[in-house]
Amino acid sequence: MTTAVDTASGHEEQSFLAHRGILSWLFTLDHKRIGLMYLGAILTFFTIGGLLAIGLRYELATAAGDVVSSDTYNKMFTLHGAIMIFLFIVPSIPASLGNFFLPLMIGAKDVAFPRLNLLSFHIYVVGGCFLIYSIIAGSLDTGWTFYTPYSTETGTAVISATLGAFILGFSSILTGLNFIVTIHKMRAPGMTWKRMPLYLWALYATSIIQVLATPVIGITLLLLVVERTFGIGIFDPALGGDPVLYQHFFWFYSHPVVYVMIVPAFGVISELVAVHSRKRIFGYSAIAYSSLAIALIGFLIWGHHMFVSGQSELASAIFSVLTFAVGLPTAIKVLSWVATLYRGSIAFNTPMIFALSFIFTFTIGGLTGLFLAVLSTN
């Protein structure tokens, strides 16, 4: 016979499990927990993408190159790229570290829309599952860009993969919108724009890109699905479509999203250099505004991915000049970091060594952009 004590202890046990168990994490509104869940999911997808990369390298390492078939290799290559771009590098710093640190750094209890924040995580997981499901559904071999007309003609699982990327776009948009509103409306008293940590300026610029650019790729992928499903000529020239139009839409998103990958990292490096040099950051305003400048110019230079697409010489020249222009705000950051290091009391600990390695590596990579922007050499 059940006693009142037994019933009470049972309710306490259920309450404890609900509070401490997995459900308390899956439906939490705590920004720190959501950030950690993002990090766990991102690392899981990173592991899958990494295993595919190991398979690719193993194939290339063999003399005969016959570990897998050419079709399988193309599928592994495509999924590796799609997973690493859409599931790993785009959400890695903004969604995980951003969710964890943004409210703490502006003195807020949480983000502006906690439920929307949780929804964006669930959407991310659902979109990721769609993309991973394409492996079971026969995979796809289009390359991670899903270029037409091949993506409209191949018999592989293009629809499930593109739907996955389409769903992931909603997560990116909602996260960016949440961060913008949080930074505008929930800063602690005295936390003016000129007193915000530079990491938050980087997140703000990143969020603008997410909100404005992601709908373009979402609509583009949806049009691709419609074309494959109903045979409507949008991108396929055999149906009266224009494949170069797909490239314009795709790179209008995908070039700004390059800065979604790197601008938050700029913010992290700005904080590390200042803290471990034991100095105020040199050129605070220049670094802050350069993040916004990168976001703005990033929307104007997608055509440098299409120098050989048949666009006019005038268009190519304009995109070339604008590509040079984006080097200015990035150079401002590097010069400010180096100036901060000058005569600083530098602590050569692990974070600082990482930051110094980043500056060296990024400078080399950034200089290659100057040569790639030149029409005569590209």
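Trainee: How many nonpolar, polar and charged residues are in the lining of the largest pocket?

Mentor: Please keep in mind that this is a predicted model. The largest pocket holds about 810 Å³ of space, and 29 residues line it. By class, that lining has 17 nonpolar, 12 polar and no charged residues.

Trainee: Which helix gives the largest share of the lining of the largest pocket?

Mentor: Helix 9 (243-277), helix 11 (313-325), helix 12 (327-341) and helix 13 (350-372) each contribute at least two residues to this lining. Among the residues nearest the centre of the pocket are Gly365, Gly366 and Gly369. The largest share, 9 residues, comes from helix 13.

Trainee: Which elements give two or more residues to the lining of the second largest pocket?

Mentor: The second largest pocket has a volume of about 300 Å³. Its lining comprises 19 residues, and Ser92, Ile93, Met261, Ala265 and Phe354 are the closest to its centre. The elements that supply two or more residues are helix 3 (31-61), helix 4 (70-106), helix 9 and helix 13.

Trainee: How do the residues of the lining of the second largest pocket divide by class?

Mentor: For this count, Gly is placed among the polar residues, whereas Ala, Ile, Met and Phe are nonpolar. On that basis, the lining of the second largest pocket divides into 17 nonpolar, 2 polar and no charged residues.

Trainee: Which helix supplies the largest share of the lining of the largest cavity?

Mentor: The count comes to 1 cavity of 30 Å³ or more, and the largest cavity contains about 190 Å³ of space. Of its 18 lining residues, Phe86, Val90, Leu168, Gly169 and Ser172 are the closest to its centre. Helix 4, helix 7 (158-185) and helix 8 (198-230) each provide at least two lining residues. The largest share, 6 residues, comes from helix 7.

Trainee: Are helix 7 and helix 8 roughly parallel or roughly antiparallel to each other?

Mentor: The axes of helix 7 and helix 8 come within 7 Å and cross at roughly 155°. Angles over 145 degrees count as roughly antiparallel. Helix 7 and helix 8 are therefore roughly antiparallel.

Trainee: What is the handedness of the crossing of helix 7 and helix 8, left-handed or right-handed?

Mentor: The residues in the contact of helix 7 with helix 8 comprise 20 nonpolar, 10 polar and 1 charged. As for the crossing of helix 7 and helix 8, its handedness is left-handed.

Technical notes: Residues numbered from 1 in each chain as written. Predicted model: local features only at pLDDT ≥ 70, side-chain atom pairs only at ≥ 80, totals over all residues. Heavy atoms only, no water. 1 Å grid on protein atoms, 1.4 Å probe; cavity = no way out; pocket = protein on both sides within 12 Å on 5 of 7 lines; lining within 4 Å. Points joined across faces, edges and corners; volume = space filled by probe spheres on them. Helix = DSSP H or I, 4+ residues; strand = E, 2+ residues; numbered from the N terminus. Axes fitted to C-alpha atoms, helices over the stretch in contact; angles between N-to-C directions. Parallel < 35°, antiparallel > 145°, perpendicular 65-115°, else oblique. Left-handed = near helix turned anticlockwise from the far one by under 90°.
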